[in-house]
Structure formats: structure tokens, C-alpha cells
Amino acid sequence: MLPQLFTPNLGRLIGAGLLACSLVTLSACSRNEDAANSESTADIPQSATEYTPENLEKDTPLADSAEPESGVDYHSFANTNDYRVKHLDLDLTADFDNKVLKGEAILDIKRQTAKNPPLILDTRELDVTAVRAGIGDSLQPVKFSMGKKDPHLGTPLKIQLPKGANRVAIQYQTSPGASGVQWLEPQQTAGKKHPFLFTQAQAIHARSFIPLQDSPQVRMTYEATIRTPQELRAVMSANNDPEAELDGVFEFEMSQAIPSYLIAIGIGNLDFKAMGERTGVYAEPELLEASAKEFEDTESMLEVTEENFGPYRWDRYDLLILPPSFPNGAMENPRLSFITPTVIAGDKSLVALIAHELAHSWSGNLITNASWRDLWLNEGFTTYLTNRIMQFVYGDKRYQMEMALGYDDLKADLDDHEDKDEIMAIDLRGRDPDEVFSYIPYEKGSLFLYELEQNVGRENFDKFLMEYFNHFAFQSITTEDFVKYLDETLLKQYPDQLDRARIQEWIFEPGIPEGAPHPQSDAFTKLDPVREQWLNGEIKAGDIDTKDWTFHQWKYFLDGIPEKLSEDQLQELDETFDLTQSKSNEIAFSWLMIAVRKDYEPANARLEDFLVSIGRNKFLRPLYRNMMENGKTDEAKRIFEKAKPGYHPLTVKVNSKIIYGD
Ligand SMILES: [Zn+2]
């Protein structure tokens with residue numbers, strides 16, 4: 001996903017016994033899974049353990065060993081070593097009046113054990129009303145129970161399966177406050193006439209709208225029927241049909257196996273416009289033209305990425321433009337990325353976000369982190385690819401600016417985090433991945449890959465990447481799998497250019513290794529003396545030639561302004577460049593950060609409006625934190641309470657923590 005908030009979770013291992021897998025060979029097991037699981041369940045002894053609450057309780061994630069174990073998903077209750085969900089068949093009705101999704105999820109499961117333990121699924125605030133299970137279409141009601149609720153993980157759903165059962169059907173409805181679902185009133189949309197619904201499953205929110213094994217190491221295909229009010233259109237991370245009639249029933253199929261966090265639903269007054277042969281945009285009619293124009297280079301981005309890193313394997317690549325309350329910049333839901341409208345800047349200055357989501361079609365969606373500890377495999381690779389795509393499409397200057405800004409973001413986050421959270425293979429046990437979000441897995445991961453590229457040469461590195469995407473396609477892998485792959489490939493091919501110990505340091509130690517590359521941009525460095533001269537009173541703000549500045553340069557200029565700025569200087573900047581009223585959300589954000597720090601009153605109204613009208617955590621978290629740190633506690637609380645009804649549940653959760661503590 002794109003910078004904000006994302007991060008994430010954990011699952012459990014496949015394999016004990018039957019597959020003879022150890023904890024550290026998860027993905028090797030995954031890769032052997034099909035062979036191993038072709039055994040018929042008929043061969044499995046049918047003596048099976050009895051269902052008792054006792055033998056269920058022990059199956060909770062182990063959170064107390066010194067180090068997290070590779071391949072273990074500490075953010076899922078699912079007993080994926082016993083069963084694996086292979087296919088989901090969903091039938092849901094969107095009830096906008098009561099703000100619930102209601103219906104049935106049918107899971108096809110593959111047994112991985114000769115015993116018959118209960119099936120444990122992840123749920124959060126789901127009202128489960130009935131469960132049936134059996135073989136094929138012959139399903140009978142079965143016993144089920146909800147386990148103990150965990151504040152981060154939700155509630156395990158424990159289902160007693162008949163012997164040999166390979167299918168389970170769960171009737172349920174979501175709660176109106178489901179953490180992964182946002183219901184918008186008409187006035188919160190661009191058109192103001194129709195309600196809107198969207199889901200955000202990453203990291204561990206799929207369980208708030210579907211009972212399943214909510215772990216990135218479980219991949220499943222799915223089909224779905226989504227029932228909506230007649231005038232609305234539903235879309236999913238699946239085979240969308242822009243011609244589908246508005247009759248209140250939409251059918252979808254996703255024939256490629258994906259992890260649960262990539263299941264996504266959007267419902268609204270949506271139109272479609274093609275941008276290229278394989279690319280198009282779904283948006284409210286009010287946003288459609290502007291979106292299609294802003295993102296018209298998407299098809300070119302797709303083409304250059306394929307040329308350099310291997311085929312795009314997902315058929316179409318479309319965008320869904322969401323209302324402004326979307327908590328993230330974007331979410332890489334396969335075939336249909338969900339995008340915040342805050343990046344429709346009118347000048348393509350923020351389209352790196354599209355490159356980022358597109359790049360996830362390779363890193364993340366095709367090769368997926370096995371647990372949220374391994375998030376850097378998704379986001380570091382994607383950030384690296386994003387920069388490369390930006391260079392292919394927009395040239396060197398843009399590439400250098402994006403890289404340099406990324407580096408600055410990384411430095412800022414490193415200053416702001418404890419050592420343990422600077423480690424790429426991060427220990428997230430006992431924590432909600434959303435609350436630990438930072439740029440570190442993104443930018444540190446990207447910088448690490450950039451160093452590898454520098455060491456072995458770009459051409460060789462690109463060849464490596466293309467082979468990597470091919471080698472692990474449609475698999476979920478751990479950090480250790482990646483390191484092992486590096487050992488067998490680049491380290492073997494370029495022993496003189498690469499150092500194993502240094503690679504270890506990048507991945508498992510805090511900070512960045514000494515002598516790491518420091519990407520810089522001429523377009524930025526030449527602003528330093530200008531800023532300095534102005535700060536020293538040698539030139540007036542009006543003397544600064546800003547007419548060709550992109551948002552990148554504005555951000556660089558503003559973010560580099562030191563604490564010591566005087567009230568007069570603040571006013572001079574604002575009067576000269578009208579920063580308080582900037583139409584660019586990125587520029588406004590950088591300016592408001594200064595305004596909060598310096599208690600600059602003329603910006604207060606804009607600050608409030610910004611916080612109330614935008615739901616992107618990338619902006620909200622630093623602004624609220626800044627307010628709290630600068631004695632504006634009451635003001636932060638007042639604005640937060642006012643804005644809350646329009647925020648996404650994730651936004652509320654993450655920012656409540658900043659404002660109210662736990
Ligand atoms: Zn991402």
C-alpha cells in the first residue's frame with residue numbers, strides 16, 4: 001500500500017508432521033504443497049480428536065519467545081498447519097441503512113493433518129449465525145464457538161468439522177463499525193447524492209468482513225456475488241466488467257490465488273473510463289475526467305514495468321478513485337488499485353503513487369510477504385520499483401527527486417523510532433501492525449536494493465529481479481527465503497561485489513549501514529543556499545524564483561526550514577506564496593507542519609479544514625502528533641472529535657492513540 005499506514009501481521013505454519021516442514025522452511029513447504037496435498041483425505045485416519053474447548057485454546061499465537069520465528073504469523077489465529085483455505089465463495093448484501101454486509105462465505109479447505117482438529121478462522125466483530133460443513137455440496141449444520149477476543153487480533157471462530165470435511169459455509173453479518181469497511185454518507189462523496197462503501201483489508205482487517213484464514217501466507221482464489229442498491233455499481237479486486245448492468249447484483253471471479261488482505265470491495269455511483277488497452281479508471285462521475293487525465297500515463301507505466309521486470313500477470317490494471325476519507329494513499333488490490341483523490345493534483349506531480357500501486361503487481365501481489373514481519377519484501381521492493389518506473393516514464397530529474405525525498409523520509413523516520421523498529425525484519429508480536437507503520441520498510445528496503453544495484457550494476461540487477469519475480473510468482477515468502485535466494489544467485493555470481501555480513505546488517509540491524517548510498521538531487525541541493533540566504537535576510541521571499549518548482553521542490557524547501565524561523569519570516573513566506581491556501585495537499589501539509597510548530601494563527605482555519613476534510617493518515621498522523629507536542633492538545637481533541645464521524649475506522653484508531661494515548 002502506499003505510505004501511510006500500512007503494515008502488518010502474521011500466520012501460522014503449514015506443515016507439521018504431514019509435510020515435514022520446519023518453521024524456517026515455510027515457503028519451501030508452500031511450494032511443495034500441491035504435491036503433498038494431492039493425497040486424498042480418504043487416506044487420513046478417521047479417529048480424530050474430540051472437540052473440547054481445552055484443545056482449542058492452546059492454538060493461539062506464541063508471542064513470548066525471544067525472537068519471532070520466521071514464517072510464523074503472529075497476527076492470525078488460523079491453524080494453517082492443519083487446514084488451508086484454497087477458495088472462497090462469497091455472497092454478500094450491502095445494507096446501507098444498517099451499515100452491515102450480510103450473507104455467506106463458503107470456504108474450500110485442504111486438510112494438512114491426519115487428525116480432525118477444529119478449524120480455526122479469524123474474525124473481528126462478526127455476528128456468525130450458522131455454520132455448515134461437509135464434503136462437496138453435502139453440508140450439514142455443525143457446532144461452532146467464538147473464542148476469546150484479542151484487542152489486536154479479533155476473535156477466533158472455532159468450527160468442529162465432520163471427518164473428511166473439505167468445505168465450510170458460514171452465515172454472518174459484519175458490525176457497523178467493522179475495522180475494514182467504511183460506509184460513507186452521500187455528503188462524504190464527490191457527488192453528494194449516493195452513499196459509498198469501500199473495504200481496506202491490509203493488514204488484518206479482511207477478518208472484519210469475511211471469516212477466513214486472515215494471513216498473507218494463505219493464498220486463495222475467490223468468486224463473489226455482491227448485492228447492492230439498484231443505482232450503485234460494485235467493483236472488486238477481480239474481473240470487473242465496466243459494462244455490467246446496474247441491476248443490484250454483481251458477479252466476480254478472481255482466478256488467481258491471492259492472500260486475504262488483497263480481497264477488496266467498492267460500491268458507489270461509479271462510472272468507468274478507459275485510459276489504455278489494459279488500463280482504466282472507475283470513479284464517481286464528478287471525478288472521472290480529472291482522474292483519467294491525471295493518471296493517463298498508467299498504460300505507459302505498465303508497459304515499461306513489463307519490459308524491464310517481466311510480464312504483468314493480472315490481465316487488466318484499473319484504478320478505483322475513492323472519496324477523500326480513504327485512510328491510505330492507495331491500496332494495491334489486484335487488478336483494481338484503490339486510490340485517494342488527494343493525489344489528483346492537476347499536474348501529475350503525485351503519480352508516483354500510481355507507479356507504486358502498479359509495482360505491487362510484481363512485489364506484494366505476485367510475491368507476498370509471508371507474515372507482516374516480512375513487509376519490507378512487499379514495500380521495499382515496491383518502493384525501489386516505483387523509483388525506476390518514474391525514471392522510465394518521467395526521466396532522470398524526477399527519479400532523483402523521488403529518491404532524495406524518499407531518503408529524507410527515511411532519515412526522519414529513523415530519528416523518530418526506537419532501534420527495534422528500525423529493523424527491516426521487524427518484530428510485531430503483540431502489536432497491531434497498523435500502529436507500528438513507518439516508512440522504514442519502504443525506504444530502507446528500497447535503499448538496500450539500490451545499494452545492491454549499485455554494487456552489481458543495473459543491468460545485472462534487473463536480470464536478477466526479473467528472475468526473482470518469476471521464481472517466486474504466486475508464493476508467499478519470508479525474509480529468510482529471500483536471503484537464501486540471494487545466497488544462491490547474486491552472492492554466488494558477484495562474490496567480489498557483495499558482502500554477506502553487510503546484507504545481514506541491512507536486514508537485521510537498526511539504522512542504515514555506514515557508507516550506504518545517499519541519493520541526492522541537483523534540483524534540491526541548489527535550493528539549500530537559496531533557503532539559507534532568505535533565512536539570513538540576504539534576499540526577500542519574492543526574490544526566490546519558484547515559477548518552475550514542482551511540489552517536490554516546495555516540499556524540500558519547506559521541510560528544510562529550521563525551528564528558528566521568526567514570526568515575520570513566516571508571514572512573509574505566506575504572503576508571498578499564499579501557502580496557507582495552497583491547492584496542493586502536499587505543499588499545504590508541509591506548510592501546516594511549520595505553522596503548527598510556530599503557532600502561526602492565520603493558518604488555523606486551514607489546518608482545521610484540512611484535518612476534517614482529508615482522511616489520509618500520511619497527513620493526519622504527523623499533524624496531530626505535532627499539535628500534541630506543541631501544546632495544542634485541546635485544539636487537537638476538538639478537531640479530532642469534529643472530524644471523527646467522517647474518518648475511516650483505521651484513521652480513528654491510529655489517531656486516537658496519538659491524541660488520547662491508549
Ligand atoms: Zn505499498
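Start by selecting S18 and S19 (residues 336–339): these two strands pair antiparallel over two bridges. Pairing here takes at least two DSSP bridges between strands, and strands (E, at least two residues) and helices (H or I, at least four) are DSSP runs numbered from the N terminus. Click on Met331 and you'll find its bridge partner in S19, Phe338.

The model is predicted, so local features need pLDDT of at least 70 and side-chain atom pairs 80 or more, while totals for chains, interfaces and linings use all residues. Numbering runs from 1 along each chain as its sequence is written, and side-chain values use heavy atoms, without hydrogens or water.

Now show the whole sheet. It's open, with five strands in the order S15-S16-S17-S19-S18 and mixed pairing. S15 (271–274) and S18 (330–331) are the edges: each has a single partner strand, so one side of each lacks a neighbour in the sheet.

Next, pick H7 (residues 396–416) and H15 (residues 551–559). They pack at about 35°, axes 10 Å apart; axes are lines fitted to C-alpha atoms over the stretch in contact, with angles from 0 to 180 degrees between N-to-C directions. Among the contact residues are Met401 and Leu405 of H7 and Phe551 and Tyr556 of H15.

Last stop: Phe448. Leaving out residues up to four places away in sequence, Phe448 touches Trp376, Met424, Phe482, Leu486, Ile503, Trp506 and Ile507.

Terms used. Contact means heavy atoms within 4.5 Å.
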